[in-house]
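Morning, everyone. Please take a look at the fold on the screen, and I will walk you through it.

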Amino acid sequence: MAIDIPGDIVLAGGGKMGSAMLAGWLKSDIPAKQIHVIEPDAEAGKRLAALGVNVGTNASALPKTSSIVIFAVKPQVMDGVVPLYTPLASSETVFLSIAAGCTISQFEGHLGAVPVVRSMPNTPAAIGLGMTVACANGAVSAA
């Protein structure tokens with residue numbers, strides 16, 4: 001099943017869930033060149049780069065624009081990570097978090113009035129057999 005994403009995807013965090021989502025995107029024929037992963041761990045970054053995606057160790061490696069930014073980092077570091085992505089904050093970029101306990105208002109506090117979605121995948125999602133619950137703010141359109 002191919003998924004058409006109109007612009008670049010930024011993945012903040014290439015750990016277990018981030019890598020699982022990335023694998024699913026690549027299986028869905030999303031071009032690797034469209035995906036930018038920000039992963040500070042050098043070994044994890046090498047593993048991700050071998051998949052053909054763009055990998056940077058910090059937010060200085062961000063593309064100029066993005067269709068979607070996915071935060072796949074631990075909840076306890078979220079307040080330190082999210083502000084680094086304000087250069088991408090616009091009504092054209094959807095920000096998605098898979099971190100438990102981080103509220104939509106927490107993201108709006110850092111990014112402003114932008115489209116924000118909170119999502120909670122379950123463990124079987126790591127092998128493509130799970131389900132995800134999502135909740136969006138009013139800035140997210142049906143499209």
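Start with a term. Two strands pair if DSSP finds at least two bridges between them. Helices (H or I, at least four residues) and strands (E, at least two) are DSSP runs, numbered from the N terminus. With that, look at A12: it stands opposite I38 in β2.

Where do these positions come from? Residues are numbered from 1 along each chain as its sequence is written, and side-chain values use heavy atoms, with hydrogens and water left out. This is a predicted model: local features need pLDDT of at least 70, side-chain atom pairs count only at pLDDT 80 or more, and totals for chains, interfaces and linings use all residues.

Now the sheet. In what order do its strands run? The order is β3-β2-β1-β4-β5-β6-β7, 7 strands in an open sheet with mixed pairing. At the edges sit β3 and β7 (132-136), each pairing on one side only. Neighbouring strands are turned by 20° against each other on average, direction ignored. For angles, axes are lines fitted to C-alpha atoms, for helices over the stretch in contact, and angles run from 0 to 180 degrees between N-to-C directions.

Next, the pairs. Strand β1 (residues 9-12) and β2 are parallel, over 4 bridges. β1 and β4 also pair in the parallel sense, over 4 bridges. There, L11 has I70 of β4 as its bridge partner. β4 and β5 (residues 94-97) run parallel too, joined by 4 bridges. In that pair, I68 stands opposite V94.

On to helix α2, residues 42-49. Which of its residues are buried? A44, G45 and L48 are. Buried means under 20% relative accessible area, exposed over 50%, partly exposed in between (1.4 Å probe, protein chains only). Seen down the axis of α2, the buried residues fall within an arc of 100°, so they line one face of the helix. That arc is taken from the directions from the helix axis to the C-beta atoms. On the other side of α2, E43 and K46 are exposed.

What do the buried residues of α2 pack against? They pack against α1 (16-27), β2 (35-38) and β3 (54-56). Contact here means heavy atoms within 4.5 Å.

Now the core. A nonpolar core is a set of buried Ala, Val, Leu, Ile, Met, Phe, Trp, Tyr and Cys residues joined through side-chain atoms within 4.5 Å. The largest one has 21 residues, and F71, M78, Y85, F95 and F107 touch the most other members. Elements giving two or more residues to this core are β1, β4, α3 (78-81) and α4 (104-111). The largest share, 3 residues, comes from α4. Apart from this core lies another, of 16 residues, among them I9, V37, I70 and I98.

Last stop: the loop between α1 and β2. Q34 lies there. Is Q34 buried or exposed? Q34 counts as buried, because its relative accessibility is 14%. Leaving aside neighbours within four places in sequence, Q34 contacts I5, P6, G7, D8 and I9.

D29 is in that loop between α1 and β2 as well. D29 is exposed, with a relative accessible area of 57%. D29 has a positive phi of about 70°, although it is not a glycine. Most residues other than glycine have a negative phi.
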